Amino acid sequence: MQTNLRYVWSLLWLIGVTYQASAQSTQRLSLKASLQKALANSREVQAQKLGRKATDYQVKEVISQGLPQVSAFGSFDNNMILPTQFLPGELAGQPGGLVPVQFGTRYNTTAGVELQQLLFSQSFVAGVKAAKKAQALSELQIRQAEEEVLYKVASLYYGIQVLLKQKQILLDNLGQINTLINTTELQYKNGVAKKVDITRLKVNKVNLSTDLDQVETTYAQQINLLKYYIGTPENETITIEENVSTSVLTDYTPSFDKRTEVQLLYQQQELNQESIKQIKAGYLPTLTGFLRYSQMNQTNELAFSGDKANWNETAVLGLRLNIPLFDGFNKRHRLQQKKIAMAQANLRIKDTKTMMATQYQNSLVKLQKQQDILRKQKTNVNLAKEVYESIENQYKQGITNLTDLLNTENSLKTAQNGYLKALVELKVAELEFVKANGKIREIL
């Protein structure tokens, strides 16, 4: 008896654990949750953020040029033949002639350390400012990558919602066709309907089942794609909210300057301006302070310590001024290149703003048209349903024939497909409009 109870409790525990694991592996995601997960797991966004870190190190690299620079140096010379110089003979008791004399020692060893500190460089100051502008540019590139992810995932999410709605419509239609088949089979037994009527209804049922299979296949593929974007493992099950009527529209006021594409161009223009300042600063002098300490060992025999070693110290504190005079027009040519880049950027800004205004107007026209089309398609579906239900009742009562019912059913299916198509196009139009007026991030 105890063994049986133990078995029952073990079985119940196993069922509970299995159910809990199943529940934990299923996620129901809202649009906002899907977008947040996609931003957190997007490899493109992560790559841009790594680029941002690289830019941070570039700024530190530029700043490091203004910090103290310490270097060590050393040398060892073996003067196998000492240099000879000629001195006046009067110094050696040989007036009127020249006396050859060798100076120096055979072995010379030098070791030291030097500290340098940049004291003044306008080029360095401009370089730091330019590097910080590059940081801001990198931030905008991250933002642009995030907006692309938001647009892709939102479009995919809405597409899946419409697929779920299409699936439900097909299931409802299958339920209706099954009811009709049962009714027609009963009529056939009573001699009211023909066997061919049952066959025609079953053909329609197979067609609906095939459509349902295709929708379910597409749904599974789109769900897998959504998993890829949001970083969900393939072995986990996800579901989404089925309410497709939620709109992402906020207002209709365009704000082109908020669009990341324009801000990127502005930031690139500022970066060009800082680069021009940096090049111009190259014409100014630079001042560097230095402190050098070294020791030198001069011997005729190879010795680094002991009585035969002759070490002596030197220390120098000084300033080094560098005044550029002529560089072969290098800076001049670089300056002209940057000025051309500035002019190109101005043209791109003007062209981009004009293009954005056109995109906004086109997206607004499309949005309003799709809203109108959806309203008409919804009314059309309601009318088609009324007609179908009326003909269906007449068919059940034996007043009308199956051909009229099937024709009405085809009209209803056409209206339903038209409604679903209009619904998809409306959601796409909403996203395009939100993106066109620079507010794609507001869907979060």
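## Helix packing and overall form

In this predicted model, the axes of helix α4 (residues 122-189) and helix α5 (residues 195-230) come within 9 Å and cross at roughly 160°. Axes here are lines fitted to C-alpha atoms, for helices over the stretch in contact, with angles running from 0 to 180 degrees between N-to-C directions. Because angles over 145 degrees count as roughly antiparallel, α4 and α5 are roughly antiparallel to each other.

| Class (residue types) | Residues in the α4 and α5 contact |
|---|---|
| nonpolar (Ala, Val, Leu, Ile, Met, Phe, Trp, Tyr, Cys, Pro) | 23 residues |
| polar (the others, Gly among them) | eight residues |

The protein has eight helices and eight strands, where helices (H or I, at least four residues) and strands (E, at least two) are DSSP runs numbered from the N terminus. The radius of gyration, taken over C-alpha atoms, is 42 Å, well over the 22 Å that the globule rule (2.2 Å times the number of residues to the power 0.38) gives for 444 residues, so the protein is more spread out than a compact globule. Along the principal axes, its C-alpha atoms fill a box of roughly 155 × 80 × 35 Å.

Phe329, in the loop between β8 (311-322) and α7 (330-396), has a positive phi of about 65° although it is not a glycine. Most residues other than glycine have a negative phi. With a relative accessible area of 42%, Phe329 is partly exposed, a class lying between buried (under 20%) and exposed (over 50%), with a 1.4 Å probe and protein chains only.

Residues are numbered from 1 along each chain as its sequence is written, and side-chain values use heavy atoms, leaving out hydrogens and water. Local features need pLDDT of at least 70, and side-chain atom pairs count only at pLDDT 80 or more, whereas totals for chains, interfaces and linings use all residues.

Note on methods: Angles under 35 degrees count as roughly parallel, over 145 as roughly antiparallel, 65 to 115 as roughly perpendicular and the rest as oblique.
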